[in-house]
Amino acid sequence: MTYIIITQPHPLDNLWGVALEAVQAAEDMFEALGEDYTNDEANSAGAALSEALGAVWALPARNMSDIIVKLNLADLDGATRDDCPVREIMNEATEILDAGIARGTKLKALNPEFLEGVTL
């Protein structure tokens with residue numbers, strides 16, 4: 001039996017795109033400062049980055065890929081930002097995984113052959 005999966009755009013795709021562009025613009029602002037920047041310039045770039053990151057972290061994740069983006073922006077390998085809601089992001093990840101398992105279990109009940117060999 002052959003299955004075709006048709007992907008559809010998510011209602012939040014546009015918002016995620018705008019938010020990630022804002023983060024990139026803020027990061028570019030930092031890189032463009034040069035060596036002789038003023039405190040006001042650094043503060044402005046820092047405020048823009050904090051605002052852009054806050055917007056991304058506030059957006060609901062569409063899938064686990066968004067969770068990874070959020071955690072990547074938190075820089076967990078380096079100096080984690082104090083304003084990053086890591087616990088909330090991890091709770092959101094758990095909810096997404098739980099929803100995926102529930103949907104998989106429901107799908108497996110409807111068509112056992114579809115997920116043959118997959119344990120949920």
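Just after helix α3, Asp75 takes a positive phi of about 55°. Let us step back from that spot and walk through the whole chain. What you see is a predicted model, in which local features need pLDDT of at least 70 and side-chain atom pairs count only at pLDDT 80 or more, while totals for chains, interfaces and linings use all residues. Residues are numbered from 1 along each chain as its sequence is written, and side-chain values use heavy atoms, leaving out hydrogens and water.

The chain has four helices and zero strands, and from the N terminus on its elements run α-α-α-α. The radius of gyration, taken over C-alpha atoms, is 20 Å, well over the 14 Å that the globule rule (2.2 Å times the number of residues to the power 0.38) gives for 120 residues, so the chain is more spread out than a compact globule. Along the principal axes, its C-alpha atoms fill a box of roughly 65 × 25 × 20 Å. The helices here (H or I, at least four residues) and strands (E, at least two) are DSSP runs, numbered from the N terminus.

Now follow α1, which covers residues 13–31. Its 19 residues reach 27 Å from the first C-alpha to the last, close to the 27 Å expected at 1.5 Å a residue; the expected span is 1.5 Å times one less than the number of residues. Which residues of α1 are buried? They are Trp16, Ala19, Val23 and Ala26, where buried means under 20% relative accessible area, exposed over 50%, and partly exposed in between (1.4 Å probe, protein chains only). Seen down the axis of α1, these buried residues fall within an arc of 90°, so they line one face of the helix; the arc is that of the directions from the helix axis to the C-beta atoms. The face of α1 turned away from its buried side carries exposed Asn14, Glu21 and Glu31. The buried residues of α1 pack against α2 (39–58) and α3 (64–73), with contact meaning heavy atoms within 4.5 Å.

Helix α3 has its own buried set: Asp66, Ile67, Lys70, Leu71 and Leu73. They cover an arc of only 160° around the axis, which puts them on the same side of α3. Exposed Ile68 and Asn72 sit on the face turned away from that buried side. At the start of α3, a side-chain oxygen of Asn63 reaches to within 3.0 Å of the backbone nitrogen of Ser65. The buried residues of α3 pack against α1, α2 and α4.

That brings us to α4, residues 86–110, where Ile89 lies. At 1% relative accessibility, Ile89 counts as buried, and Glu92, Ala93 and Gly104 of α4 are buried too. Which residues does Ile89 touch, not counting those up to four places away in sequence? They are Trp57, Ile67, Lys70, Leu71 and Cys84.

Finally, look at the largest nonpolar core, which has 19 residues. Such a core is a set of buried Ala, Val, Leu, Ile, Met, Phe, Trp, Tyr and Cys residues joined through side-chain atoms within 4.5 Å. Among the residues with the most contacts inside this core are Val23, Trp57, Ile67 and Ile89. The elements giving it two or more residues are α1, α2, α3 and α4, and its largest share, five residues, comes from α2.

Notes. A polar contact is a pair of N or O atoms within 3.5 Å; within protein, one must be able to donate a hydrogen and the other to accept it, and residues adjacent in sequence count only if both atoms are side-chain atoms.
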